[in-house]
Amino acid sequence: QVQLVESGGGLVQPGGSLRLSCAASGSIFSILTMGWYRQAPGKQRELVATITSGTSTDYADSVKGRFTISRDNAKNTVYLQMNSLKPEDTAVYHCNALIRRVVGDRWNAYWGQGTQVTVSS
């Protein structure tokens, strides 16, 4: 079994900062890409940021310059530093990872349960 567990969400005022963490655990041979997605009420889930095992990153235009994704491969953990938060960043943030459980296995996508981020005064 593989589990992704997020932490770090909460309530913050506009302009504030939060740091999300997501740790992958269980039967893991290798992790290819890790990323963050978010889903606001009444909207579809959207990509926020991704990072490869080689630390190449990609960001949604709406968060470029404000959010930074990073990962610690030794800990199978991905982080999302969120600065200059806006009310429109309010959403449930989900962690995603492409994981190979054993040698020769295919890559499978796993999701965390999500953590709520609310930006409000």
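Predicted model: local features only at pLDDT ≥ 70, side-chain atom pairs only at ≥ 80, totals over all residues.
Let us start with the overall fold. The protein chain has eleven strands and zero helices; here strands (E, at least two residues) and helices (H or I, at least four) are DSSP runs, numbered from the N terminus. With a radius of gyration of 14 Å, close to the 14 Å that the globule rule gives for 121 residues, the protein chain is as compact as a globular protein of that length. That radius is taken over C-alpha atoms, and the rule is 2.2 Å times the number of residues to the power 0.38. Along its principal axes, the C-alpha trace spans about 50 × 25 × 25 Å.

Now for the inside. Of the 121 residues, 40% count as buried, meaning under 20% relative accessible area (1.4 Å probe, protein chains only). The largest nonpolar core holds 31 residues, and Trp36, Leu80, Met82 and Tyr93 touch the most other members. Such a core is a set of buried Ala, Val, Leu, Ile, Met, Phe, Trp, Tyr and Cys residues joined through side-chain atoms within 4.5 Å. Strands that each supply at least two residues of this core include β1 (2-7), β4 (30-39) and β11 (115-119), and β9 gives the most, with five residues.

Back to Asp89, then. Asp89 is buried, with a relative accessible area of 1%. Its side chain is joined to that of Arg38 by a polar contact of 3.0 Å (a pair of N or O atoms within 3.5 Å; within protein, one must be able to donate a hydrogen and the other to accept it, and residues adjacent in sequence count only if both atoms are side-chain atoms). Leaving aside residues up to four places away in sequence, Asp89 touches Arg38, Arg66, Phe67, Ser84, Val117 and Val119, where contact means heavy atoms within 4.5 Å.

Ser21 sits in strand β3 (residues 18-26) and counts as buried at 18% relative accessibility. Among the residues that Ser21 touches, not counting those up to four places away in sequence, are Val5, Trp36 and Tyr79.

Technical notes: Residues numbered from 1 in each chain as written. Heavy atoms only, no water. Buried < 20%, exposed > 50% of the residue type's maximum accessible area, 1.4 Å probe, protein only.
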